[in-house]
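Subject: Structure handover

Hello,

Here is the structure for you to look through. Please open it first, then read my notes below.

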Amino acid sequence: MNSKLIKKAHELRAYGLTTGEIADELNVSIDTARWLTLQQASQEETENVPVDFAVNWNSLGGSSTRLKYVSAALSDMALEEGDADVILGIAASGIPFATFMTDYYNFEMGYETTLSIFHPKKAKVQHGGDDFNETGTISTNFASVEDKKVVIVDDVITSGKTINEVVETVRDLGGEPIAIVVLIDKAGLNNIQNVPVKSFISVSRLG
């Protein structure tokens, strides 16, 4: 870990973000985000550093053209598991990919595919801490997943906890998750609850 990452975590905390939201923003685990916010902003690192990989894809996220091409590649990977009725993006970073993927399915492949959005619930608790609420929600402003084949999309899998939550929610609402597609898989998962995981990049720690 370095002082820039620690400083960024402190800045996000100052803006009012929870530990979960900081983890999403920095693409690290909850444990790493919690560790970062407990460090002094000026120090490089201390003992008991969580084992993790920080991911920075700003060069991709700042370009709609690059996002479009990467989303097309993710769509191609998802199609290996069959046609989808709904592309479900996990807020916040999964939404741009899901949006472009829905366009790809409709305009490039000729499918009738709709867009859905999942909001993981993050709630502050008292005494300076924060934690995840155990359930999230699918936005009613976007497509329903009921009786639909669903592709779940996110930017990074760190532990798989959020994806597990999404799979369970989709099934509870009568949908059928057929694939999970991510830009980067840091957990090295082949499937989650028997739903295949497709990653553009898979990160493995050796040793």
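First, a term. A salt bridge is a side-chain nitrogen of Lys or Arg within 4 Å of a carboxyl oxygen of Asp or Glu. Side chains of opposite charge can pair when their charged atoms come close.

Now the ground rules. This is a predicted model, in which local features need pLDDT of at least 70, side-chain atom pairs count only at pLDDT 80 or more, and totals for chains, interfaces and linings use all residues. Residues are numbered from 1 along each chain as its sequence is written, and side-chain values use heavy atoms, with hydrogens and water left out.

**Salt bridges**

How many salt bridges does a search of the whole structure find? It finds two. In one, Lys198 pairs with Glu81, and the closest N and O atoms are 3.0 Å apart. That pair links distant parts of the chain: Lys198 is in strand E9, Glu81 is in the loop between H5 and E1, and 117 residues separate them. (Helices, H or I of at least four residues, and strands, E of at least two, are DSSP runs numbered from the N terminus.)

In the other, Glu80 pairs with Lys198, with the closest N and O atoms 2.8 Å apart. Glu80 sits in the loop between helix H5 (64-78) and strand E1 (86-90), and Lys198 in strand E9 (residues 195-202), so this pair ties together parts that are 118 residues apart in sequence. Together, Glu80, Glu81 and Lys198 form a network of salt bridges.

Which of them are buried or exposed? Buried means under 20% relative accessible area, exposed means over 50%, and partly exposed is in between (1.4 Å probe, protein chains only). Lys198 is buried at 16%. Glu81 is partly exposed at 31%. Glu80 is exposed at 56%.

**Cores**

A nonpolar core is a set of buried Ala, Val, Leu, Ile, Met, Phe, Trp, Tyr and Cys residues joined through side-chain atoms within 4.5 Å. The largest has 24 residues, and Ile87, Phe97 and Val151 touch the most other members. H5, helix H6 (94-108), strand E2 (114-119), strand E6 (149-157) and strand E7 (176-185) each supply at least two of its residues. Another core lies apart from it, with 18 residues, including Phe118 and Val195.

Take Val151. Contact means heavy atoms within 4.5 Å. Beyond its neighbours within four places in sequence, Val151 is in contact with residues including Ala78, Ile87, Met101 and Val181.

**Helix H6**

H6 has 15 residues and reaches 20 Å from its first C-alpha to its last. That is close to the 21 Å expected at 1.5 Å a residue. The expected span is 1.5 Å times one less than the number of residues.

Its buried residues are Gly94, Phe97, Ala98, Met101, Thr102 and Tyr105. They cover an arc of only 135° around the axis, which puts them on the same side of H6. The arc is that of the directions from the helix axis to the C-beta atoms. Phe107 and Glu108, on the other side, are exposed. Gly110 follows H6 and has a positive phi, near 80°.

**Backbone details**

The peptide bond from Ala91 to Ala92 is cis, with omega near 5°. Ala92 is in the loop between E1 and H6.

Asp147 is not a glycine, yet its phi is positive, near 60°. It is exposed, at 65% relative accessibility. Asn194, also not a glycine, has a positive phi of about 70°. Asn194 is exposed too, at 71%.

Best wishes
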